[in-house]
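Me: I'd like to walk through a protein model together, one question at a time. Can you put the sequence and the structure up for us?

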Amino acid sequence: MNIHIADNIRTLRRKNDYTLEQLSEIIDVSRQTIAKWETGETLPDIANCVKLATLFKVTLDEFVTMQVDRPEKMADDSKNGRVMGIVDVETDGRIIIPDQIRDLFEIQSGEKMLLLADKNQGIAIVKCSQF
């Protein structure tokens, strides 16, 4: 079973336009507690999981085990690559690469990335150090 609580808290908080402070007031914990939950440093207890799932209108099972930002039809194909989730394009065009991908590919802050684009195939980002 995959546990996605940290990612789901962050994703659902942002989708619902809550700041850390607003969510902490609703759930009745400190802002630092929410921040630790979102980084996976600590996890909420079952009572707080129920509060969060109820607030975000997802089942407890979805909240705990499912990547809520991942469409059901996305497949994990380890032969051809893996879908690691969905990222949002910010209004200024920035894309934030999730921590799990940066860790997996050892991408460091400030590192140069090559953007590849093909109208039929899509967009890819590759570390410049690969060339």
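Predicted model: local features only at pLDDT ≥ 70, side-chain atom pairs only at ≥ 80, totals over all residues.

Me: In what order do the elements run from the N terminus on?
Reply: Helices (H or I, at least four residues) and strands (E, at least two) are DSSP runs, numbered from the N terminus. The chain holds 6 helices and 4 strands. Read from the N terminus, the order is α-α-α-α-α-β-β-α-β-β.

Me: What percentage of the residues in the chain is buried?
Reply: Buried means under 20% relative accessible area, exposed means over 50%, and partly exposed is in between (1.4 Å probe, protein chains only). The chain has 131 residues, and the buried share of them is 24%.

Me: Which residues of helix 4 are buried, and where do they sit on the helix?
Reply: Helix 4 covers residues 46-56, and its buried residues are Asn48, Cys49, Leu52, Ala53 and Phe56. Seen down the axis, they fall within an arc of 135 degrees (taken from the directions from the helix axis to the C-beta atoms). An α-helix has 3.6 residues a turn, so residues three or four places apart point the same way. In helix 4, the buried residues therefore line one face.

Me: Which helices do those buried residues pack against?
Reply: Here a contact means heavy atoms within 4.5 Å. The partners of helix 4's buried residues are helix 1 (5-15), helix 2 (20-27), helix 3 (31-39) and helix 5 (60-65).

Me: How many aromatic pairs are there, and is the pair stacked, edge-to-face or tilted?
Reply: Rings of Phe, Tyr and Trp (its six-membered ring) pair if their centres lie within 6.5 Å; planes under 30 degrees apart count as stacked, over 60 as edge-to-face and the rest as tilted. The whole structure has 1 such pair. The rings of tyrosine 18 and phenylalanine 56 have centres 6.3 Å apart and planes at 55 degrees, so this pair is tilted.

Me: How many residues apart are tyrosine 18 and phenylalanine 56?
Reply: Tyrosine 18 sits in the loop between helix 1 and helix 2, and phenylalanine 56 is in helix 4. The pair links distant parts of the chain, 38 residues apart.

Technical notes: Residues numbered from 1 in each chain as written. Heavy atoms only, no water.
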